[in-house]
Amino acid sequence: MQFIIVAGFLGSGKTSILRNILSLMTEEQKKDTVLIVNDFGQVGIDRELLSKQGLDPIELVSGCVCCQLGVDMIKTIEEIHQRYSPRMVFIEPSGVANPGSIKQIIKESKTLPIERVLNIVLVDPVRWHAISDIPVIEEGLRNADLLVITKRDLCQTLAIDKLREELHGINSSAGILETNSFEIETFHPLLDEIFHDEAHSEFSCVSRTLKARLLPDYRKQVFGVLQDMVKNIETSGVSFVGHIKTVINDEAGCCFYASITDPSTGPGSHGHLQELGAEVSMKIQAVVFRLNSESLQTIVDECLRGLDGLRSI
Ligand SMILES: Nc1nc2c(ncn2[C@@H]2O[C@H](COP(=O)(O)OP(=O)(O)O)[C@@H](O)[C@H]2O)c(=O)[nH]1
Ligand SMILES: [Mg+2]
């Protein structure tokens, strides 16, 4: 059995993350998964949200799983094991629980066949400075196996980089990921961590950041690259279902965004660049259904080679 604890302060985005993870899991995976929710006092709210993703969570109410509910939690998990023997158990502890203690309680069980306990702790960047000195928060961060900065859409890159540094100072061994509930692709790295070597959702995701020198007809150039990617995906025998998008920023602060979801309608774009012919920074991300990651990487890199003066950074 694998245990994935999704912890974090009240309102840090635990239920949102679980909903997104569930939405990316296959039906087969969901059949082998149990979800335990322990939300202090909020009877039924998270449960209702999560059950919309096709998995009815088991609720532990009135208390905190790492304190008075510890025994109940283990009893519940042991019962779950006997009845369903699931491969995965996701746990959303109350936002005041210490995830380190939960991991400890599970590991101490003599009867559960434990393969792994992954302790994921979420960090809400918006409220970081208001809560960072609460002792239980710091302890939770120190005990985490993986840290996830949530609500990425609400913060500037500079603030996130600073937060990453602070988090690294508190726990240098945990990896740090970023998610934004409104962009499902941001959950792929997290899914990779959770399911690592297993075949997980059938999506592959490739991201690249590059410097490129774009010609004045950059729009045509970028559209060409996006169309080539789709063409190559389809010639590899997979019909293109997914989203390839790119954003290009020039030194003048202008931004050009282009993306393709449907080969028959072709790419779309908005914005424009001012410094024609100058070096620009370009991010590209391709998320494709039913194409393995290696093939997608090869296709993305080959097509990007067609851009003038391109180099990776
Ligand atoms: N802007 C933004 N809001 C988010 C994001 N993730 C969660 N939220 C909001 O944050 C609030 C708390 O989220 P929830 O998942 O219930 O947190 P929990 O208490 O840790 O389970 C809700 O209003 C969510 O809609 C995100 O990526 N971006
Ligand atoms: Mg919740």
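1. A quick word on classes before we start: Ala, Val, Leu, Ile, Met, Phe, Trp, Tyr, Cys and Pro count as nonpolar, Asp, Glu, Lys and Arg as charged, and the others, Gly among them, as polar. With that in hand, the shell around ligand 1 divides into 10 polar, 3 charged and 2 nonpolar residues. Please keep in mind that this is a predicted model.

2. Staying with the ligand, 15 residues surround ligand 1, and the closest are G13, K14, T15, S16 and S181. Helix α1, spanning residues 14–24, gives the most to this shell, with 3 residues.

3. Now to the backbone, where two residues deserve a look. Most residues other than glycine have a negative phi. S85 is not a glycine, yet its phi is positive, at about 30°. You will find S85 in the loop that runs between α4 (70–84) and β4 (88–92). S85 counts as exposed because it has 11 C-beta neighbours inside 10 Å, and the cut-off for exposed is 12 or fewer.

4. The other one is R290, also not a glycine, with a positive phi of about 60°. R290 sits in the loop between β12 (279–289) and α11 (293–304). Is R290 exposed, partly exposed or buried? R290 has 14 C-beta neighbours inside 10 Å, so it counts as partly exposed.

Key
Residues numbered from 1 in each chain as written. Chains lettered and ligands numbered in written order. Predicted model: local features only at pLDDT ≥ 70, side-chain atom pairs only at ≥ 80, totals over all residues. Near = placed C-beta within 6 Å. Helix = DSSP H or I, 4+ residues; strand = E, 2+ residues; numbered from the N terminus. Buried ≥ 20, exposed ≤ 12 C-beta atoms within 10 Å, placed from the backbone.
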